[in-house]
Amino acid sequence: MADKKVKDNELSYAELVAKRDELKKKYMDLRFKMVIAHVDNPMQKRTMRREIARLNTFIQQKAPVKAEANAAEAK
């Protein structure tokens with residue numbers, strides 16, 4: 001798992017946002033499945049929620065860097 005964290009941290013801002021949005025969609029689908037039918041691994045919901053939160057952390061860390069880069073380009 002530590003290796004996965006390093007890989008996610010190396011992604012660009014746009015890639016992190018895209019990955020988070022994809023994971024959110026999968027999470028919503030999983031929630032829907034849990035209401036409608038049986039799910040083999042109910043712990044998957046918690047894992048996905050934590051993964052989304054971790055990606056949000058990386059996005060927040062990269063957001064100021066992106067804003068500073070845009071400000072430098074404008075000058």
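Biologist: In which helix does Q61 lie?

Modeller: Helices are DSSP runs of H or I with at least four residues, strands are runs of E with at least two, and both are numbered from the N terminus. Q61 lies in helix α3. This is a predicted model, in which local features need pLDDT of at least 70 and side-chain atom pairs count only at pLDDT 80 or more, while totals for chains, interfaces and linings use all residues. Residues are numbered from 1 along each chain as its sequence is written, and side-chain values use heavy atoms, with hydrogens and water left out.

Biologist: Why does Q61 count as partly exposed?

Modeller: Buried means under 20% relative accessible area, exposed means over 50%, and partly exposed lies in between (1.4 Å probe, protein chains only). Q61 counts as partly exposed because its relative accessibility is 47%. The C-alpha atoms of Q61 and N9 are separated by 9.4 Å, and these two residues are 52 residues apart along the chain.

Biologist: How many helices and strands are there in the protein chain?

Modeller: The protein chain has three helices and zero strands, in the pattern α-α-α along the sequence.

Biologist: Which residues make up the largest nonpolar core?

Modeller: A nonpolar core is a set of buried Ala, Val, Leu, Ile, Met, Phe, Trp, Tyr and Cys residues joined through side-chain atoms within 4.5 Å. Here the largest one has eleven residues: L16, V17, L23, Y27, L30, V39, M48, I52, L55, F58 and I59. The elements giving two or more residues to this core are α2 (13-36) and α3 (44-74).

Biologist: What does Y27 touch, not counting residues up to four places away in sequence?

Modeller: Contact means heavy atoms within 4.5 Å. With those neighbours left out, Y27 touches K45, M48, R49 and I52. Across the protein chain, residues 24 or more positions apart account for 70% of the contacts with a separation of 6 or more.

Biologist: Is V35 buried or exposed?

Modeller: V35, whose place is in helix α2, counts as exposed because its relative accessibility is 69%.

Biologist: Where is confidence lowest and where is it highest in the protein chain?

Modeller: The term pLDDT denotes the predictor's confidence in each residue, from 0 to 100. Confidence is lowest in helix α1 (residues 2-9), with a mean of 66, and highest in α2, with a mean of 95. For the protein chain, the mean pLDDT is 87, and 87% of the residues reach 70 or more.
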